[in-house]
Amino acid sequence: RGYVVSTSNNYIVPEAKIEIKDNKLTFKINEELIPKININSSYSDNPSANKNSIANAINIMKCLEKRYQTLNGILELLIIKQKDFFFKGENFLHSLILKDIANELNLHESTISRAIKDKYLDTPQGIISMKSLFVIDSSTIIIKKLIEEFITEENKKNPFFKMSKKKAGKNNEMKTLSQKYL
């Protein structure tokens, strides 16, 4: 009698690699992640070929090319707008929203959002989510780091905020603080 144990692991495969070469940022898109579609010429030249299927295949090829161009444009702008982050680290992220990139690429915000969703980059700072490069307000990062630092350094036996679960649910200030920054 056998037992099946799921051993499937989810691995993060970066969509692109950002490197510093000669004190300049460069990026290379992981071409292996882009599906390759070709139409066999012997099929497309055949008069009995399904023209609708060929048109669909051509449309898919155009969509994949557009996806590549969108990703390329986003990466070009990210290495310009978040240059300090790539050179100096997380404390140097600048305010950047999807709308900024969308306007420069002449695309809708939702297109940018879909293009970066669940996508990762291999950077000098390690593998990061593309979404993490979009920050509404860079002071939010500083505040979050200060709160995290405060929590890790406080005396665990005598914490600064000591409250019961009942009281914590009623304390709107703490709830707002934790929802906004943590």
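Q: Does Lys17 count as buried, partly exposed or exposed, and at what relative accessibility?
A: In this predicted model, the relative accessibility of Lys17 is 36%. Buried requires under 20% and exposed requires over 50%, with partly exposed in between. Lys17 therefore counts as partly exposed, at 36%.

Q: Which side chain meets that of Lys17 in a salt bridge?
A: The N to O distance in this salt bridge is 3.2 Å, and a salt bridge requires such atoms to lie within 4 Å. The pair links distant parts of the chain, strand β1 and strand β3, 105 residues apart. The partner of Lys17 is Asp122.

Q: Which residue forms a salt bridge with Glu15?
A: Side chains of opposite charge can pair when their charged atoms come close. For Glu15 and its partner, the closest N and O atoms are 2.7 Å apart. Glu15 stands in the segment before β1, whereas the partner belongs to helix α2, 52 residues apart. That partner is Arg67.

Q: Which side chain of opposite charge is nearest to Lys119, a buried residue without a salt bridge?
A: Lys119 is found in the loop between α5 and β3. Leaving aside neighbours within four places in sequence, its contacts include Arg67, Arg114 and Met130. The nearest side chain of opposite charge is 5.0 Å away, whereas a salt bridge requires a distance within 4 Å. That nearest side chain belongs to Glu15.

Q: How far apart are the end C-alpha atoms of α2?
A: Helix α2 has 31 residues.

Q: Which element supplies the largest share of the largest nonpolar core?
A: The largest nonpolar core has 27 residues, and Ile74 and Leu75 are among those with the most contacts inside it. Elements that each supply at least two residues of this core include β1, β2 and α3. The largest share is six residues, and it comes from α2.

Q: Which residues does Leu75 touch, not counting those up to four places away in sequence?
A: In soluble globular proteins, nonpolar side chains tend to be buried together. Leu75 is one of the buried residues in α2. Not counting residues up to four places away in sequence, Leu75 touches Ala16, Ile18, Phe27, Ile29, Leu121 and Met130.

Definitions and conventions. Residues are numbered from 1 along each chain as its sequence is written. This is a predicted model: local features need pLDDT of at least 70, side-chain atom pairs count only at pLDDT 80 or more; totals for chains, interfaces and linings use all residues. Side-chain values use heavy atoms; hydrogens and water are left out. A nonpolar core is a set of buried Ala, Val, Leu, Ile, Met, Phe, Trp, Tyr and Cys residues joined through side-chain atoms within 4.5 Å. Buried means under 20% relative accessible area, exposed over 50%, partly exposed in between (1.4 Å probe, protein chains only). Helices (H or I, at least four residues) and strands (E, at least two) are DSSP runs, numbered from the N terminus. Contact means heavy atoms within 4.5 Å. Lys and Arg count as positive and Asp and Glu as negative; His and the chain ends are not counted. The expected span of a helix is 1.5 Å times one less than its number of residues.
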